[in-house]
Amino acid sequence: MINRRSFLKACAVSGVGAGFGGFYDTFYHLIPFNDRGRKALHHVYGNADSPEWLRDPTTGKLKPNPDWILRHTVDQQCHSECGLRVKINRKTGRVQRIFGNPYHPNTLTDYDSIGKPLLTTAVRPGTVCARGNAGIQTAYDPYRITVPLKRRGPRGSGRWQPIRWEQLIKEVTDGGKIFADSGDPASQDLDVLGFKGLYAKRHEPMDPDSPELGRRTNGYVFQGGRIIGSRLAFARRFGNAFGSVNTYEHVNVCELSHHVATEHIYPGKHMTKPDIAEAEFIIFWGTQPGDANFPMQTMAKYTAEARAKPGGLKYVVVDPLLSRGGVIGDRAGWLPIKPGTDGALALAMIRWIIDKQRYNAGYISRPTQVAAEAHGELSHTDATHLVIDDASHPENGRFLTAKLAGLGAVPKEAEFDRVVIDAADAKPAVAAQSSQAVIEFSGEVNGIKVKTAFTRIHESASAHSIEEYAVICGIDSAKIVDLAREFTSHGRKATSEMYRGVVKHPNGYYNGVAVLLLNLLVGNLNWTGGLTIGGGSFGYQKGRYEVADIETDTPAHGVKLSREQASYEDSSEYKVIKANGGNPYPARRPWFPLSFEMYTELLPSAIQRYPYGVDILVWHMATPFYSAPGQGNDELIEAVKEPKNIPLIIASDIVVGDTSMYADYIIPDGSFLERWCHMGTTPTTLTKGTGIRWPVIELTEKTADGRHMCIEEFLIDVAKRVGVPGFGDRAIPDAKGRMWPLHRKEDWYLKATANVVFQPGPIGSEVPDVTALEVQVNDLAGFHESFKPALKPEEWPKVLSALAKGGRMEPRSHARQGDKLGHSFTGTLHFYAEEVALTRNSMTGTRFFGTTAWVEPATAMGKPLDKLDDPTDWPFTIITYKGALQTHSRLASNYVLRQIMPDNGIQVAVEDARRLGIRDGEKVWVVTPHGKRKGTARIIQGIRPGVITFNVGYGHWGYGATNYQLGGRRIEGDRVRRTGIHLTPIMRRDPDIGQMALMDLTGGSIVFYNTRARLEKVIAHV
Ligand code: SF4
């Protein structure tokens, strides 16, 4: 028998050990006959677990293995939110393995119907990716914190004291000199307002001279990281009841401009996706199947399956990086575009398609949904609608109305008040009275200069020749034409699909609109093989219980700290400057009238007190210093460490993280296996669905009354102690007006689940009653007993059933009906977004474009980036990618993933490495205008020369990466978590706006892809 020592010896002799030096432990234990020198339990299966299901050898029937509990919840190792089947040891309560939930559409192409009994799914669990499997290590991270911590010493000094829950709640609620004994001279005399003191000021204005800023209670700010669905709604419930508008999730640090660009075209919607399985041709812009997208594993699977079909999918990846999903060769291609120039390539295609009349004219010429449907179309656009195009006209930029056109009143049943040039007689007509309209028109109607929306986009695209666009985007003009020709050669079965690489630039919004407009030219929406808005979700907010709204006499209102969804021109500041004859532009910091969830603006705005200061900041799963470009710099960190700037910072985290390490208190939070959340499925899967995440294990300590500590229990206890409405005894109204209590999170989340379960839905989506076997397999009897009073008795059987299956999904068979998709969007699709056209840039005072255009990436004040950082000095552009083995910031504890990829490295093109004499594996400095970081050079073929990249998620300084003290005990950091390079903190900041990275002022995305850099060899000192 081979033992550990002889195995290692053999490896060393054969040279195997050299290659597997970092992994010998894993490799050794893969040998099934051995376990650390002991004989394995089974000669074939080694020490593998027993299966979850047992087959009766005589009858062949399956039954559950009583050793295991199987619970069905939703992953959050990334934002794909795939359904999970979690295998838990019934004796120890420990999670043993994670599979995919076969009822969830992300995990199986042909997922099981919700009506199917659990036992029938035994032989076919769903899939999860490597990250999904590794989630066990997130939950059982040895660095998990399970009790509240309070800082000792100054913020960020790395010394923590475990405290009791009651002390946490009392101190942060009552405030006062709560840091008197902290040993920090800077906060010893600090008189903290606390939640009670701030709430007492709820009737006071934030600023009497600026009433639009709302209540003083807007000084409470909740900065949420990856918080979504009902968990975000819970946080908002507290914020609204408290009187603050400042509850945020992280969207602008991600790809907000994608959502805003989508909304430009599809009003009220933030995402479209291709029907991958039936598509003939897809352009994937800014990422590729198999890297981050919604949902990652599902898109990768659908794409692989579709490509493998005879005569199946062809696709092209447009991205500076060829990652693992961008396989080239048969049926797949790669266009390594210059970062930030996707809009130029898309506009070149638009120009060629329009010039060559390769667009779907029959579709585009229908001015209304009624006219479209009468001619067999499934959607319609505003292409033919007339827009006022006269700088001297007071309504310039608006759609022409019937009244302005001199056409009289609009018919009552009309969808909107718009005017077109009717195709039958070439005369102006109310859109509702035209079945077909002229697509291209520029002229006068009733003395007003107008153009169709289509003409505006044509003119915009024609601002450059194809050859000029080719130079801008670095893609050969012949290839651009080929791509445009191919895109328009598949009828409605071609789609233009985008993700983060397109939009995380100063011009991201315009890039995004251009890329998405390609879909309107072929008319692919709602068609099988085309584009979808998705099936939507089963809502959790209303129905049996009103879980979202709270009755309060001091509702939250006013301008948000981030100045999103608000116009600078409406502010008192603007009006006063105007009234005094001054130039109000630029604003002190940008305003974001078209954007939302402007996470990266919170810390700099709080420090600058613009438009107001912050009294209490809660970081929940938030790590701006690690994940927000440019924010992990010394100056901002020092400002946040100064208690006078933000007197109370409370973090909610599962570890002492890269940012939570600078808080005053840390509330222990549950990992994704310990949380609640209701969230909709993505459009990719085509059907309607809501996944339910619920605590399948619980690891944090309990409060005195038996609740596991987490952010929700914190907010409940604070609200009750302060007297905030919507929490406590009479908190949640049911449909008959009866008030129900909210004393623990399940009081709320179970009611949200009942809303999901009992909502009317498509046939086949009805939730059946739970069976005895499902209760047994999921171990739900104790759960039911614990929370019985939270629901009416008749609601429990279906609520337990939804928990036992991890959500409620519409059957797969509803995805398509012949050549049409099962779910349609019938609103007007916009070539021209009037709202955008009428909105001003708060820095320059100029209007945004209502359509799209090639816009050179620039600073907030309009300085082109080439002039900001001369390419001669800074020859590289940094981009980032989210590979399949990491998310942005929270998988540092997943050692199995680190064993696959121990170091991310800085990836450099072969040509660049050769020119600079850099060898693979050599250490290099990446230098930007804001600092430098050392990393391991990885020389690759699949990247555009002049571009360097790194996989996000490495190079931590918190999250167990460095030492800290806990109650006087030293906790040793782990170098595995420090390994790798992380460039986000030294990304480019805007020179004109304090502590703001480069930013897309239209769409709101922070910029990840436009930092210039140079590479320097590390000189060894001897
Ligand atoms: S793609 Fe992978 S990590 Fe992301 S939710 Fe799905 S299984 Fe989890």
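Visitor: How many bridges join strand S25 to strand S26?
Guide: 4 bridges join S25 (residues 648-653) to S26 (residues 665-668). Strands here are DSSP E runs of at least two residues, numbered from the N terminus. This is a predicted model: local features need pLDDT of at least 70, side-chain atom pairs count only at pLDDT 80 or more, and totals for chains, interfaces and linings use all residues. Residues are numbered from 1 along each chain as its sequence is written, and side-chain values use heavy atoms, leaving out hydrogens and water.

Visitor: Which residue is the bridge partner of Ile650 in S26?
Guide: Tyr665.

Visitor: And what order do the strands of the open sheet take?
Guide: S11-S10-S24-S25-S26-S8-S9-S40-S41, with mixed pairing. The edge strands are S11 (247-248) and S41 (969-971), each pairing on one side only. Two strands pair if DSSP finds at least two bridges between them.

Visitor: New topic. Is Glu810 buried or exposed?
Guide: Buried, meaning under 20% relative accessible area with a 1.4 Å probe, protein chains only. Glu810 lies in the loop between strand S31 (807-809) and strand S32 (816-817).

Visitor: Which side chain of opposite charge is nearest to Glu810?
Guide: Lys688, 7.2 Å away. Lys and Arg count as positive, Asp and Glu as negative; His and the chain ends are not counted. Glu810 has no salt bridge, which needs a side-chain nitrogen of Lys or Arg within 4 Å of a carboxyl oxygen of Asp or Glu.

Visitor: What else does Glu810 contact, beyond its neighbours within four places in sequence?
Guide: Its contacts (heavy atoms within 4.5 Å) include Tyr111, Phe538 and His823.

Definitions and conventions. Buried means under 20% relative accessible area, exposed over 50%, partly exposed in between (1.4 Å probe, protein chains only).
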